[in-house]
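This report looks at covalent and charged side-chain links in one protein model. The sequence and structure come next.

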Amino acid sequence: YVPFQVQAIMHSPLLELSIEGLHQAKLLEICVDVVVEVLRMFPSFNAANHDLVQRMIPLLSRLPFSTALQSDDDDVLRAYCRMIVEMGESYMTIILSPREDAVQLVEWVLQCSQIQVIEIAHMTLHFWYRMVIDLE
């Protein structure tokens, strides 16, 4: 990993391009990798990441998660669930706050939990574990 400042991501077209690329099958995996890494590197519990988190939430909320989670394509399901679960884990402080947009995120994770492909549904287990630990 190469350390860099949150402002470098904030002012870069990387986020928008990665979100747009999710709609293209050949770019799906690499764009998911970028989004997941940004979520991991800049979680909501770090106050220095506040502006980026506030930018990421609307960007990611525009994605067709509900439609993607209805897909018959395991690769699409896996990719979107990876993003959803990472967003849930990285934004756990938001989920456990009284913010209204937190409910939608938990609902997406729940939808991933209900996917019939066990390998994909199991991706959510660490999220639920962390949520229980943080609630205690």
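Is Cys81 buried or exposed? Cys81 has a relative accessibility of 0%, so Cys81 counts as buried. The cut-off for buried is under 20% relative accessible area. Keep in mind that this is a predicted model.

**The disulfide**

The whole structure holds one disulfide. Cys81 and Cys112 form it, with their sulfur atoms 2.4 Å apart. The link of Cys81 and Cys112 is left-handed, at -100° about the S-S bond. Cys81 sits in helix α6 (residues 74-90) and Cys112 in helix α8 (residues 101-113), so the bond ties together parts that are 31 residues apart in sequence. Cys112 is also at 0% relative accessibility and therefore counts as buried.

Cys31 is in no disulfide. The nearest cysteine sulfur to Cys31 is that of Cys81, 17 Å away. Cys31 is buried, with a relative accessible area of 7%.

**Salt bridges**

Side chains of opposite charge can pair when their charged atoms come close. In this model the count comes to seven salt bridges.

| Pair | Closest N and O atoms |
|---|---|
| Arg82 and Asp33 | 2.8 Å |
| Glu86 and Arg40 | 3.1 Å |
| Asp75 and Arg78 | 3.3 Å |

Take the pair of Arg82 and Asp33, a salt bridge. Arg82 lies in helix α6 and Asp33 in helix α3 (residues 28-41), so the pair ties together parts that are 49 residues apart in sequence. Arg82 is partly exposed, at 22% relative accessibility. Asp33 is partly exposed as well, at 29%.

Now the salt bridge of Glu86 with Arg40. Glu86 in helix α6 and Arg40 in helix α3 are 46 residues apart, and the pair links distant parts of the chain. Which of these two partners is buried? Glu86 is buried, with a relative accessible area of 11%. Arg40, with a relative accessible area of 45%, is partly exposed.

Asp75 and Arg78 both lie in helix α6. They are three residues apart, about one turn of the helix. Asp75 is partly exposed at 48% relative accessibility. Arg78 is partly exposed too, with a relative accessible area of 24%.

Salt bridges that share partners join Glu29, Asp33 and Arg82 into one network.

Notes. Residues are numbered from 1 along each chain as its sequence is written. This is a predicted model: local features need pLDDT of at least 70, side-chain atom pairs count only at pLDDT 80 or more; totals for chains, interfaces and linings use all residues. Side-chain values use heavy atoms; hydrogens and water are left out. A disulfide is a pair of cysteine sulfur atoms within 2.5 Å. Helices (H or I, at least four residues) and strands (E, at least two) are DSSP runs, numbered from the N terminus. Buried means under 20% relative accessible area, exposed over 50%, partly exposed in between (1.4 Å probe, protein chains only). A salt bridge is a side-chain nitrogen of Lys or Arg within 4 Å of a carboxyl oxygen of Asp or Glu.
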